[in-house]
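Here's a quick tour for anyone meeting this protein for the first time. Have a look at the model, then read on about its aromatic rings and their neighbours.

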Amino acid sequence: MALQGINMLLNNGFKESDELFRRYRTQSPLMSFGASFVSFLNAMMTFEEEKMQTACEDLRTTEKLCESDSAGVLETIRNKIKKSMDSQRSGVVVVDRLQRQIIVADCQVYLAVLSFVKQELSAYIKGGWILRKAWKMYNKCHSDISQLQESCQPKSSDQQESLSADNANHNTSVENGVTPEALDRLKGSVSFGYGLFHLCISMVPPHLLKIINLLGFPGDRLQGLSSLMYASESKDMKAPLATLALLWYHTVVLPFFALDGSDTHTGLLEAKAILQRKSVVYPNSSLFIFFQGRVHRLECHINSALACFHDALELASDQRELQHVCLYEIGWCSMIEMNFEDAYRSFERLKNESRWSQCYYAYLTGVNQGASGDLDGASGVFKDVQKLFKRKNNQIEQFAVKRAERLRKIFPTRELCILGVIEVLYLWKALQNCSSSKLQIMNQVLQSVNDASCRGLKHLLLGAIHKCHGNMRDALQSFQLAARDEYGRQINSYIQPYAVYELGCVLLAKPETVGKGRSLLLQAKEDFTGYDFENRLHVRIHSALASLKEVVPQ
């Protein structure tokens, strides 16, 4: 029934899935988990504070249900496996205990993810402690399941006599009534959480990884991907969820954080293969069509991406959260195409409908409205940004308020609004999705900007555009000018560290300048602090240095 509910969800039956899980959520740990997962998915699609709080409460409710049968679930798993008892009853108990323990660990991982998305130091530390608990549970369950699977393996005839005596004292999984099929399903179940766990660690900023390692668990991205792949092919109810997690990683996380360097080609191939395999099972799933759109966007097929996002938007008519995700992508694709009018309409709708960061959506509405030529309308929206500023510790909202305040004080020009659009395209790593013709137009607009306070930003963005064109000589010159800009440093605090990082990346591309490039990356990491999007840059620096070590062992 739980798998039926998940498949309903993926085939656009959002209301039906939610109703099914909520109707039976108190009667079964799996159904309770399904209801909590739907709540978690809604929170992750919208990032709305209210939905994130609801998801946390639902996950804790599921935890309590799984732990209510007895105190000390970890100990009871071990005891139930070892105790001699009726075969059939023992098998049911063992499977139930392992399943409950895996669900508790899964809930811990989701709670940690909800903490991490806040991108605050206290949230990272809190999430780290939660993950520590999950790590211990996963390790224990994985070990127990593996031992049971080993005892299920067929034995040679020479071993039978000695094993029969041994089995009298040690119940094997067969005698406990645990079938190989049940163990395979449990292995798929634990692999999903275990894989997501490792990918969760990869989202932690590098300067906090030492704290995470002190908590007693490592982070292995490849192991995480391998475990999720195993889970996606299993018979467990979470197999479709593992598929979604893989698509999310390859099309959203990997390109944004540049976790394996700037090349996302391998991840795109993986995502396309997954989508092709699942197209028969989920031919009209709005979620899978959404991820197809992400693949098209990353391949720079923006018109195809827009078609997918519009299709997904229409199919998700009963799912407000997914509609908002589609609108967000439509807005971004429109900015990539420099279709500012469509972009501003998408972001304006998000500003009015979404409860996540209306301040950020207002800023995007304003710069696109101004870039389309409606400067009076843009000025009015910029005034609203400060009023909508709610999350004082959120980097994105802080950035939006500062930028809107500056544009509000000086009546915005169309060129400055387009500069604002190009800036967010750069910061969100979307410039490389732009066509050569659009990049050329952006280059021309930037050349016409003469505001002294924007000089450093102008050169940083020009450098990024030259880099997209493969013109490394001009890119190097522009990044150097941006790195030397002291005048605009107070207004644009992130320009210098990002410019130094970009210089380092350009120099890493040539064997004769690898040493200088590495020094610049370390300089960007160590010489600057307290600037906008610092954690984001640290992740990218860490990835660049890690890829360098693989090519040139230190």
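A charge sits over a ring if NZ of Lys or CZ of Arg is within 6 Å of the ring centre and within 35 degrees of the ring normal. Keep that in mind, and remember that this is a predicted model.

Lys-238 is one such case: it lies over the face of Phe-33, at 5.1 Å from the ring centre. Another is Arg-536, whose charged end sits over the ring of Trp-428, 4.6 Å from its centre.

Now for the wider picture. The protein has 27 helices and 0 strands, and 58% of its 554 residues count as buried. Take the contacts between residues at least 6 apart in sequence: 67% of them join residues at least 24 apart. The accessible surface is about 23900 Å², with 50% of that belonging to carbon and sulfur atoms.

Back to the rings. The count comes to 21 aromatic pairs. Here are two of them:

| Pair | Centre distance | Plane angle | Type |
|---|---|---|---|
| Phe-33 and Tyr-110 | 6.0 Å | 25 degrees | stacked |
| Tyr-360 and Tyr-361 | 5.7 Å | 35 degrees | tilted |

What does the pair of Phe-33 and Tyr-110 link? Distant parts of the chain: Phe-33 is in helix 3 (residues 29–46) and Tyr-110 in helix 6 (residues 87–116), 77 residues apart. Both Phe-33 and Tyr-110 are buried.

As for the other pair, Tyr-360 is buried with a relative accessible area of 2%, and Tyr-361 is buried too, at 6%. Ring pairs also link Tyr-360 and Tyr-361 into a cluster whose members include Trp-428, Tyr-328, Trp-332 and Phe-533.

Notes
Residues are numbered from 1 along each chain as its sequence is written. This is a predicted model: local features need pLDDT of at least 70, side-chain atom pairs count only at pLDDT 80 or more; totals for chains, interfaces and linings use all residues. Side-chain values use heavy atoms; hydrogens and water are left out. Helices (H or I, at least four residues) and strands (E, at least two) are DSSP runs, numbered from the N terminus. Buried means under 20% relative accessible area, exposed over 50%, partly exposed in between (1.4 Å probe, protein chains only). Contact means heavy atoms within 4.5 Å. Accessible areas come from the Shrake-Rupley method with a 1.4 Å probe; for residues, only the protein chains shown count as cover. Rings of Phe, Tyr and Trp (its six-membered ring) pair if their centres lie within 6.5 Å; planes under 30 degrees apart count as stacked, over 60 as edge-to-face and the rest as tilted.
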